[in-house]
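Subject: Structure for your study

Dear colleague,

Please find below the structure that I am handing over to you. My notes on what was found in it follow directly after it.

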Amino acid sequence: MAMMQSVHPNYPRIIACGDSALVVEFSDQIDEETNERVIALADMLATRPITGVIETVPTYRSLLVAYDPVIMRGKTLSSSLQTMLGELSVGGGAARRITVPVLYGEEVGIDLDELADMKQMSREELIALHASADYRVYMIGFAPGFSYLGGLPRQLHTPRLAVPRQRIDASAIGIGGKQASINSVPGPSGWRFIGRTPLKLFDPSRPQPFLLRAGDRVRFRPVGADEAESLDAAISRGEAVEEWEAP
Amino acid sequence: MTMLHIKQAGPMLTVQDLGRTGLMHLGVSGAGAMDPTSMLIANRLVGNADSDAALEFAHVGGAFVAEKPVRFAVTGGAIDITVDGQLRHGWESHWLMPGEVLKIGALRRAVWGYLAISGGIDTPKVLEARSTHLRSGLGGIDGRRLAIGDALPLGETKKSSLLALRKPFSRSNGPVRVVPGPQADHFDAAAWKNFLREPFSVTPSRDRMAQVLDGPAIRAFAGHDIVSDGTVAGSIQVPSSGRPIVLMAERQTTGGYPKIATVASVDLPRLAQTATGSTIRFKSISQEEAEDLLIARYNALANILASLEEKPGDAAKVEDRQT
């Protein structure tokens, strides 16, 4: 367990976000260390709850802390958070690890071939590269269960489309700039999509509606159409097919 | 199960309650009423719990028929209400007998209206609330707007008198108060001057997710992309168009535009209720002042709710008809 030594000058800082939330910013960059600190503070608030704090939202580089001003004022909460920041350490708990099966290309992975052309590699090479990396869920945001992943190989970094598409499937596997995604609900998007997973990141009818959370580790495993279909069928029967690595 | 039948529906008719909490870290914003105070008053007028679900509509209500005698109240703004053609007042409760048609017309000088029915709308809870979240397809009926032919289950009616507000409900005028930040330092003095001194118009680009404003372009000197971070209801995002977007009940939980300021919680429902085409101005206040205003508002609301008075007349007679 390493004590926190921030490498970012002027951070961390605590800023007002209206009259019912504070934001603790750890940097203005996307990096793993920053995100670990964000999640460490969220975990600390979960294990040592402060009365009046309603919920927290971990993002790439900051933690939003929502509070009820009737119970606790922002000023008081801010000094409690300052104290916690002084005690914060990272590397406490081991991350959960999951392998996500992906059917690359086909209907949902509409951009696979174009992306392979852009990168001057074969589609097999692109798939192998995408599936070779170790990803981290930096945050769940935008929509229910939508997972923003870091760890995309540099060669696969690709700018977003100038004009977003109107409807992208839930479970689409995406690339947006330096980030990767696993989509969770259908909707418009300007990202590029290279495949789909049979896994459902969000299903309100399940006892555990959300599959992933910030801090999880993700690897992708290419599967063929047959395996994807049998996974689809198993999931629609309500079977648990998620491949979690034993801790 | 007793049902409420929808015979006509305005363009934005949804089931709403207090919304969801504790799920923002999983990408789910609260949803819930755009004007929670008006919904709360409607629920109290019909003897419901504050957590019961009601119907929310934008601009136009619709026509409704209940299968059993129910009490109803319509709040939000000035509006025409009839039961079988007979006028009824807003901001008080009335009986609606089986077969009678309740018609709710167009709101005047307000945007969001509420219809509370005694017993509450009893659609199943999804992620612990009945609120419809349109963007995510959650709650209400299949997470969608309600339409002609829909039937909504009603909860058990608790016994209560017909009630009315003692004084007409009014909203304050004046500037929309904001707390600077979290990205206040992405905007220079000229941008802040534009933001706080110039008027902004309420554009038709508005829904349960966000409200776009039009006025002098607000420029973020280092660009309009930030590393995405968390949002709250009232966050004022400024994209590269320079036109501020105020995030509302059904917003995305994270966003990548700098947020110049956050609307004070007391003034957000007032902004939601401001008619399209109207002009607003912003005023900067501290977080502490905004908290004080919110606490004062809760106290004022508690006084209003404590002073609901029984309506004189034939309430008891209708109660006999019910049994």
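**Strands and sheets of chain B**

Gln237(B) has Lys259(B) as its bridge partner in β20(B). The two strands concerned are β17 (residues 235–237) and β20 (residues 259–263) of chain B, which run antiparallel and are joined by 3 bridges. Two strands are said to pair if DSSP finds at least two bridges between them. Helices (H or I, at least four residues) and strands (E, at least two) are DSSP runs, numbered from the N terminus.

Before going further, please note that this is a predicted model, in which local features need pLDDT of at least 70 and side-chain atom pairs count only at pLDDT 80 or more, while totals for chains, interfaces and linings use all residues. Residues are numbered from 1 along each chain as its sequence is written, and chains are lettered from A and ligands numbered from 1 in the order in which they are written.

Strands β17 and β20 belong to an open sheet of 8 strands in chain B, with the order β21-β14-β15-β18-β17-β20-β13-β22 and mixed pairing. At its edges are β21 (279–280) and β22 (282–284) of chain B, each of which pairs on one side only. As background, strands of a sheet pair through backbone hydrogen bonds, either parallel or antiparallel.

Strand β14 (residues 200–206) of chain B contains Thr203(B). Thr203(B) is partly exposed, because 15 other C-beta atoms lie within 10 Å; a residue is buried if 20 or more other C-beta atoms lie within 10 Å of its own, exposed if 12 or fewer, and partly exposed in between, with C-beta atoms placed from the backbone. Apart from neighbours within four places in sequence, Thr203(B) is in contact with Val212(B), Leu213(B) and Asp214(B). Here, contact requires that the C-beta atoms of two residues, placed from the backbone, lie within 7 Å.

A further pair of strands in chain B is β5 (residues 70–75) and β8, which are antiparallel and share 4 bridges. In β8(B), Ser93(B) is the bridge partner of Ala73(B). Strand β8 (residues 93–96) of chain B is covered on both faces: Ser93(B) and Trp95(B) are buried on one side, and His94(B) and Leu96(B) are buried on the other.

**Domains**

The bounds used here come from an automatic or database domain assignment. In chain B, domain 1 is 3–166 + 310–322 and domain 2 is 176–301. Their centres, taken over C-alpha atoms, are 29 Å apart. Between them, 20 residues of domain 1 of chain B are in contact with 14 residues of domain 2 of chain B. The side of domain 1 of chain B that touches domain 2 of chain B consists of 9 nonpolar, 8 polar and 3 charged residues. In this classification, Ala, Val, Leu, Ile, Met, Phe, Trp, Tyr, Cys and Pro count as nonpolar, Asp, Glu, Lys and Arg as charged, and the others, Gly among them, as polar.

Chain A is assigned domain 1 (2–90) and domain 2 (97–244). In this chain, 7 residues of domain 1 are in contact with 7 residues of domain 2. The largest share of the domain 1 side, 3 residues, comes from α1(A).

Helix α1(A) has 16 residues and reaches 22 Å from its first C-alpha to its last, close to the 22 Å expected at 1.5 Å a residue; the expected span is 1.5 Å times one less than the number of residues. Among the buried residues of α1(A) are Val38(A), Ile39(A) and Leu41(A). The elements against which its buried residues pack include β3 (21–25), β4 (53–58) and α2 (74–87) of chain A.

The largest nonpolar core has 148 residues, and those with the most contacts inside it are Leu22(A), Val65(A), Phe72(B), Ala116(B) and Ile117(B). Such a core is a set of buried Ala, Val, Leu, Ile, Met, Phe, Trp, Tyr and Cys residues joined through C-beta atoms within 7 Å. Helix α1 (residues 32–47) of chain A gives the most to this core, with 6 residues.

**Contact between the chains**

The contact takes 39 residues from chain A and 35 residues from chain B. On the chain B side, α4(B) supplies the largest share, 7 residues. That side divides into 15 nonpolar, 16 polar and 4 charged residues.

Yours sincerely
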